[in-house]
Amino acid sequence: MYNMTLTYKELSMNGFMVATMEEDESIHVVCTAFMGMTLFDFTIKERGFDVNSCMDQLNRPVILHILKKDLITLFTRNVKSTFKAKRYSEPAKTKLGYKIRTATGRAHYLIDNNSKRVNHVSISGGPLRAEFSYSDEAILIAHPRLGLEMTLYQ
């Protein structure tokens, strides 16, 4: 469960997001505003993504596709144990970086040298470019070109 702020252009909503693992290995994600309105309700399956409900402002094919990719990236860990990555050090040498070529573009991962935790993920791919920033207080998911931003507070 996360406290959440969702911003899309001029729309900004505060609420909470709950993600639960179902018996059939699917993940049920519900996002509700504090005033009780459901922003979206999705089910992530191994081979699919169901939209149970979604508010009108977010119910657009591009936005649904982005939310699908973001939630799958956030809540699933279906990463192969071996993959080709180019390793590099950040100029300050406090973070270790990995560049990975994906089907939709490139991904850059920055990992803190001390804690060995992911600090930042950047996924390219045209207007669907995403930035994931992880800290002890929050996870920020931003899509600068579309004006879509989701902040999840731990």
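Phe40 is buried, with a relative accessibility of 0%. Phe42 is buried too, also at 0%. In this predicted model, the two rings form a stacked aromatic pair, with 4.6 Å from centre to centre and 10° between the planes.

**Aromatic rings**

- The structure has three aromatic pairs in total.
- One of them joins Phe16 and Phe34, whose ring centres lie 6.4 Å apart.
- The planes of Phe16 and Phe34 are at 35° to each other, and the pair is classed as tilted.
- Phe16 is partly exposed, at 27% relative accessible area, while Phe34 is exposed, at 54%.
- Phe34 counts as exposed because its 54% is over the 50% cut-off.
- Phe40 and Phe42 make a stacked pair, and together with Phe49 they form one aromatic cluster.
- Phe40 and Phe42 count as buried because 0% for each is under the 20% cut-off.

**A charged pair**

- Side chains of opposite charge can pair when their charged atoms come close.
- How many salt bridges does the model contain? The count is one.
- Lys45 and Asp50 meet in a salt bridge through their side chains, with 2.7 Å from N to O.
- Lys45 is partly exposed, with a relative accessible area of 39%.
- Asp50 is partly exposed as well, with a value of 29%.
- Both residues get this label because 39% for Lys45 and 29% for Asp50 fall between the cut-offs of 20% and 50%.

**A buried threonine**

- Thr5 is found in strand 1, made up of residues 2–8.
- Is Thr5 buried or exposed? Thr5 is buried, because its relative accessible area of 18% is under 20%.
- The side chain of Thr5 makes a polar contact of 2.8 Å with the side chain of Asn14.
- Beyond its neighbours within four places in sequence, Thr5 touches Ser12, Met13 and Asn14, among others.
- The contacts of Thr5 also include Glu149, Met150, Thr151 and Tyr153.

Notes. Residues are numbered from 1 along each chain as its sequence is written. This is a predicted model: local features need pLDDT of at least 70, side-chain atom pairs count only at pLDDT 80 or more; totals for chains, interfaces and linings use all residues. Side-chain values use heavy atoms; hydrogens and water are left out. Helices (H or I, at least four residues) and strands (E, at least two) are DSSP runs, numbered from the N terminus. Buried means under 20% relative accessible area, exposed over 50%, partly exposed in between (1.4 Å probe, protein chains only). A polar contact is a pair of N or O atoms within 3.5 Å; within protein, one must be able to donate a hydrogen and the other to accept it, and residues adjacent in sequence count only if both atoms are side-chain atoms. Contact means heavy atoms within 4.5 Å. A salt bridge is a side-chain nitrogen of Lys or Arg within 4 Å of a carboxyl oxygen of Asp or Glu. Rings of Phe, Tyr and Trp (its six-membered ring) pair if their centres lie within 6.5 Å; planes under 30 degrees apart count as stacked, over 60 as edge-to-face and the rest as tilted.
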